[in-house]
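The following note sets out numbered points on the model shown below. Please read each point with the sequence and the coordinates at hand.

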Amino acid sequence: MDNYPALIVIAPLLGAFFAGLAAWIEKRLSYPIALAALGLSLFSAVNVLIQVIATGTIQYRMAGWAPPMGIEYRIDLLNAMVLVLVSGIAFLNLIASYKNVIQETSDRAESFYVIYLLFVVGLLGVVATGDLFNLYVLIEITSLTSYTLIALGDRDRGPLAALNYVFIGVIGASFYLLGVGYIYIKTGSLNMMDVANILSGIQGSTTVLVAFFLCIIGIWIKMALFPLHVWLPNGYTYAPVAFSRVVAPLMTKVMVYVMIRLMISVFGFDYIFTELNLGKAVVWMGTIAVLAGSIMALSQKNLKKMLTYIIVAEIGYMVGGAWLANELGMTGAILHIVNDALMTFALFLAVGNIVYKIKSVDLPNLKGLFGKMPWTMAGFVLAAFSIIGVPPTCGFFSKWYLVLGAFEAGAYHFAAALIISSLICAVLFFKVFEICFFESESKGHGDPHSTVIIEEAPISMLVVSGLVSISLIVAGLYSGTIVNTIILPFLR
Amino acid sequence: MADFLALIVAKYNYWLYIILMMIGLYAMVAKNNLIKKLVGMNIFQTAIILFYVSIGYKTEGTIPIIQNAHGGHGGHGAIIHAADYINPLPHVLMLTAIVVSVATFGVAMALCVRIYQRYQTLEEDELRMRLSEK
């Protein structure tokens, strides 16, 4: 079928419409509709990936208008891979979140599903589109839905965290919009390919320079690169867990994808690394982000908040890797988009299970958790190992590429930061393991021999959690295949 | 100095949008009341909309509707100069951007209502005090 690229985005969009409509008739209908829509989207994304690997880039013209006038969906190997990732995680999360949503948003579950679908529409559209202005609109769809979903979370702090996110998010998106305006002044086009062709003929233009900085800074604000990260930890911590475990792995990673797309497909490596020679400065920013994120994670008392600071550090990995200006670094950064999305998802799935049973993720409340929730914790341990970078989990391989790239570029400080951050993550997670494993809750009850009752999360959550944790090892073992069939052909 | 002034006068639309944008940014950063911050945010977004509108404008240009273009006669063979018509594309893009900014404003107002219901205040320093009490 030729229309798969459009179907990826349109299925959840129509799904959102019908899920909202069906909720008027019968509230229970919206969940299966949402699930079906995301399933269809995932199916189309997988088909598109297979098609792209077999036949090369797909150019899909919206309503038959030819670019540069019409809007084009341009799916190459990189988008196809990220599309599968986004739709897959969104689909799996919806399966796992059924009970979380009912527990946390009780009477408003159906509106949660509608906004959740719209959020996924935004993400998928951002990844699929080949048009700069279309990208802005879809980024705003994603942001608007995430503001509302964050506000559905913690009653005391959710709306405040969301409002802070609104202010910073608007600044970020507006900067990007301004940058697009300057690109339009200089090129008269909004199609990425067309803009890239025109820009390659323009040298030493101040307008292009301004456009470049505005776009990149706007995207950096949206992806929470340190020190532009202030909105992220509160926003993701106080969101309902069903949402924070989809926004945490996907939102920032999709923004990293946008940055890489702008670097490769719009401005071009020659412009960024040869003409502006920005590589070194940004790799330093990445280094600082990695260290700052890891150190701030150390001082957190809340498991969810600790993980959000780890995301800030991971953003540093990908930004630094992408700006190393060599193939190994870029390979590492792209591979890390996939791996980090999976690892963060696995961690937050475990957090979701814990929240469902214990209602709190403050570290002191997690005592004796290994006894109570052995399967959840097994998934958590595997994901933690992957974040630390223990082979054969996937986290190790992308870090390996990043470190190799750093050595090739002579950026020893970045390599050192990667290793230090791995050590800090090891300290962090073993602190959590110690609390969950060695300290028993039943100390105060006077009967140390009482058997621990296993209170596991529902089976749907456990299955998804287990599946994703196992996929960490599978992705690790097959990382060579991913690099050779997708990333290297894309970069060459 | 005269050159600089001439530069400002020649490109006054850019200077105006930057001044507006900075006013908005100042309000977002410096004001204590959340609603005032929202107004600043709106000024910030409007500045960008004005920037786009101004780049589509041409002196002496008219609205881009070609007379008698329907019916296959294509303006009766008269030569159409692009310079006579303003560029409609940036303006059309701004329709979408206006929708986005209205939606953002609406969501932000709704969040303010939630915050007010919970804390009975919209002053940021008071909110911070309430939060640190807990």
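1. Placement of A:Y31. A:Y31 sits in helix α2 of chain A, which covers residues 30-55; helices here are DSSP runs (H or I, at least four residues) and strands are E runs of at least two, numbered from the N terminus. A:Y31 is buried, as 21 other C-beta atoms lie within 10 Å. A residue counts as buried if 20 or more other C-beta atoms lie within 10 Å of its own, as exposed if 12 or fewer do, and as partly exposed in between, with C-beta atoms placed from the backbone. Apart from neighbours within four places in sequence, A:Y31 is in contact with A:Y98 and A:Y113; contact requires that the C-beta atoms of two residues, placed from the backbone, lie within 7 Å. Between A:Y31 and A:I95 there are 64 residues of sequence separation and 9.5 Å of space, C-alpha to C-alpha.

2. Basis and confidence. This is a predicted model, in which local features need pLDDT of at least 70 and side-chain atom pairs count only at pLDDT 80 or more, while totals for chains, interfaces and linings use all residues. Residues are numbered from 1 along each chain as its sequence is written, and chains are lettered from A and ligands numbered from 1 in the order in which they are written. The average pLDDT of chain A is 87, and 97% of its residues score at least 70; pLDDT is the predictor's confidence in each residue, from 0 to 100. In residues 443-448 of chain A the pLDDT falls below 50, and this stretch has two contacts in the model beyond near neighbours in sequence.

3. Helices α1 and α4 of chain A. Two packed helices are described by the angle between their axes and the distance between the axes. For helix α1 (residues 4-25) and helix α4 (residues 109-128) of chain A, the axes come within 9 Å and cross at roughly 165 degrees. Axes are lines fitted to C-alpha atoms, for helices over the stretch in contact, and angles run from 0 to 180 degrees between N-to-C directions. The crossing angle therefore makes α1(A) roughly antiparallel to α4(A); angles under 35 degrees count as roughly parallel, over 145 as roughly antiparallel, 65 to 115 as roughly perpendicular and the rest as oblique. Residues of this contact include A:P5, A:I8 and A:V9 of α1(A) and A:E110, A:Y113 and A:V114 of α4(A). By class, the contact of α1(A) with α4(A) comprises 16 nonpolar, three polar and one charged residues. Ala, Val, Leu, Ile, Met, Phe, Trp, Tyr, Cys and Pro count as nonpolar, Asp, Glu, Lys and Arg as charged, and the others, Gly among them, as polar.

4. Helices α12 and α18 of chain A. Helix α12 (residues 279-298) and helix α18 (residues 412-437) of chain A pack at an angle of about 15 degrees, with their axes 9 Å apart. The pair α12(A) and α18(A) is therefore roughly parallel. Among the residues in this contact are A:V283 and A:G286 of α12(A) and A:H413 and A:F414 of α18(A). The contact of α12(A) with α18(A) holds 13 nonpolar, five polar and no charged residues.

5. Placement of A:S469. A:S469 belongs to helix α19 (residues 459-477) of chain A. A:S469 counts as buried because 27 C-beta neighbours lie inside 10 Å. Leaving out neighbours within four places in sequence, A:S469 is in contact with A:A346, A:G379, A:L382 and A:A383.

6. Chain B. Chain B has five helices and zero strands. Of its 134 residues, 19% count as buried. Among contacts in chain B with a separation of 6 or more, 54% are between residues 24 or more positions apart.

7. The contact between the chains. Chain B contributes 25 residues to the contact and chain A contributes 22. On the side of chain B that touches chain A, α3 (34-56) and α4 (88-119) of chain B each supply at least two residues, and α4(B) gives the most, with 14 residues. That side of chain B divides into 19 nonpolar, three polar and three charged residues.

8. The axes of helix α6 (residues 158-187) of chain A and α4(B) come within 10 Å and cross at roughly 170 degrees. Helices α6(A) and α4(B) are therefore roughly antiparallel to each other. The residues that meet include A:P159, A:L160 and A:A162 in α6(A) and B:P90, B:A97 and B:T104 in α4(B). The contact of α6(A) with α4(B) has 15 nonpolar, one polar and one charged residues.
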